[in-house]
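Q: Could you go through this structure with me? I would like to start with the strands and then turn to the helices.

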Amino acid sequence: MSQRIRVLVVDDSAFARKVLRDLIGRHHNLELVGTARDGLEALEKIAELVPDVVTLDLMMPNLDGLGVLDALAPAERRRVLIVSTAGGENELVIAALAAGAFDLVSKPTALATDRLYELGGELIVKIEAAFAALAPNLTEAPALVPVLPPHKRIHTARSVLVIGTSTGGPQALARLLAALPRDFPLPVAVALHIPAGYTDALTRRINEAAQVEVVEADNGVVMRPGRVVIARGGSHLRLSLRGDELTCWLSNVPSNAAHFPSVDVLFESAVEQCGAGVVGLVLTGMGDDGTRGASAITKAGGLVLTESASSCVVYGMPRSVVEAGYSSADSPLDGMVAFLLEQISVGV
């Protein structure tokens, strides 16, 4: 990376500012341009210093993190990385992500501040990703010619829609699920990379705006048309057939997965139970989680769709699937539901 990334740290805790300053200062690609102790000072420093990336705490005096985001233009919010403690701030975190903040780094609770240095690797990766995402998408994914046969390919009998996403996922899911009609004929399961403790707040927020039912995953929850189940942060989501019912089960296997929940685990589980009836959808996100699962869906005769680069916050996960040759078609987010509905036929 030829250009150093200029970072502003905003946190009311002097110790947290020190740790973040140390972590950023150790990295040759990053430059700390300033710190701020509350939201009002943050807005002054943002205007004065014009940082590339802002790390933002949420619970602060005078003006909190949400107030800072509200004062920024929507495009500017994508340079903001939330660095927040899981617990009482969960609702604020989800609101910040819904408002357009780039991503979340979950820091230890006040009782474990000595562990703040442990978040260094994740912090650096996400600062670099936020900076990279600011550049316009100069190259779109290769144009895909859908490989669907002339007749409708997706049938609602013993079928399921599985969705995988990461960075930018909370906003993308909110838009996508709000567009699903109340009578959407497939059950939907979602794996989103998000730390433990935040899924309940996210699920409730999305459910309020959606026509379909949106719930957090739990053992034994039945998958049915018109119901969306979002994997619980910190656990894999697996699907299992019990008689004629497709149900949800939480798991920590494999324990060495890079993400909990894992998109690959969800996709492969769906293939084991539903075979060619699986429709996979890979949305915005960093990395390649979902590519192995997309391979399993494709080999079983199912269908894999990807979000176009034009609407992704980070065109990482969809790009990986496209370049591996497993995407049957891609679409901007706002056209995805219409495309899905065109392919679905009722019956067997």
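Q: Which residue in E4 is the bridge partner of Leu56?
A: The partner is Ile82. Please note that this is a predicted model.

Q: In what sense do E3 and E4 pair, and over how many bridges?
A: Strand E3, residues 53–56, pairs with E4 in the parallel sense, and the pairing has three bridges.

Q: What about E4 and E5, in what sense do they pair?
A: The sense is parallel here too, with five bridges between E4 and strand E5, which covers residues 103–107. One of the residues involved is Leu81, whose bridge partner in E5 is Asp103.

Q: How many residues of E4 are buried?
A: Six of the six residues in E4, which runs over residues 80–85, are buried, and the strand is mostly covered.

Q: Which of them point which way?
A: Val80, Ile82 and Ser84 point one way from the strand, while Leu81, Val83 and Thr85 point the other way. Residues on both sides of E4 are buried.

Q: Changing topic to the helices: at what angle do H7 and H8 cross?
A: The axes of H7 (residues 169–179) and H8 (residues 199–209) cross at roughly 30° and come within 9 Å.

Q: Why is that pair called roughly parallel?
A: An angle under 35 degrees counts as roughly parallel, so H7 is roughly parallel to H8. The crossing of these two helices is right-handed.

Q: Which residues make the contact?
A: H7 contributes Pro170, Leu173, Ala174, Leu177 and Ala178, and H8 contributes Leu202, Ile206 and Ala209.

Q: How many of those are nonpolar, polar or charged?
A: The contact of H7 with H8 has eight nonpolar residues, no polar ones and no charged ones.

Q: And H1 with H6, at what angle do they pack?
A: Helix H1 (residues 14–25) and helix H6 (residues 120–134) pack at about 65°, and their axes are 10 Å apart. Angles of 65 to 115 degrees count as roughly perpendicular, so H1 is roughly perpendicular to H6.

Q: What is the handedness of the crossing of H1 and H6?
A: That crossing is right-handed.

Q: Which residues are in contact there?
A: On H1 they are Leu20, Leu23 and Ile24, and on H6 they are Gly120, Leu123, Ile124 and Ile127. By class, the contact of H1 with H6 has six nonpolar residues, one polar and no charged.

Key. Residues numbered from 1 in each chain as written. Predicted model: local features only at pLDDT ≥ 70, side-chain atom pairs only at ≥ 80, totals over all residues. Heavy atoms only, no water. Axes fitted to C-alpha atoms, helices over the stretch in contact; angles between N-to-C directions. Helix = DSSP H or I, 4+ residues; strand = E, 2+ residues; numbered from the N terminus. Parallel < 35°, antiparallel > 145°, perpendicular 65-115°, else oblique. Left-handed = near helix turned anticlockwise from the far one by under 90°. Contact = heavy atoms within 4.5 Å. Nonpolar A, V, L, I, M, F, W, Y, C, P; charged D, E, K, R; others polar. Buried < 20%, exposed > 50% of the residue type's maximum accessible area, 1.4 Å probe, protein only. Pairing = 2+ DSSP bridges.
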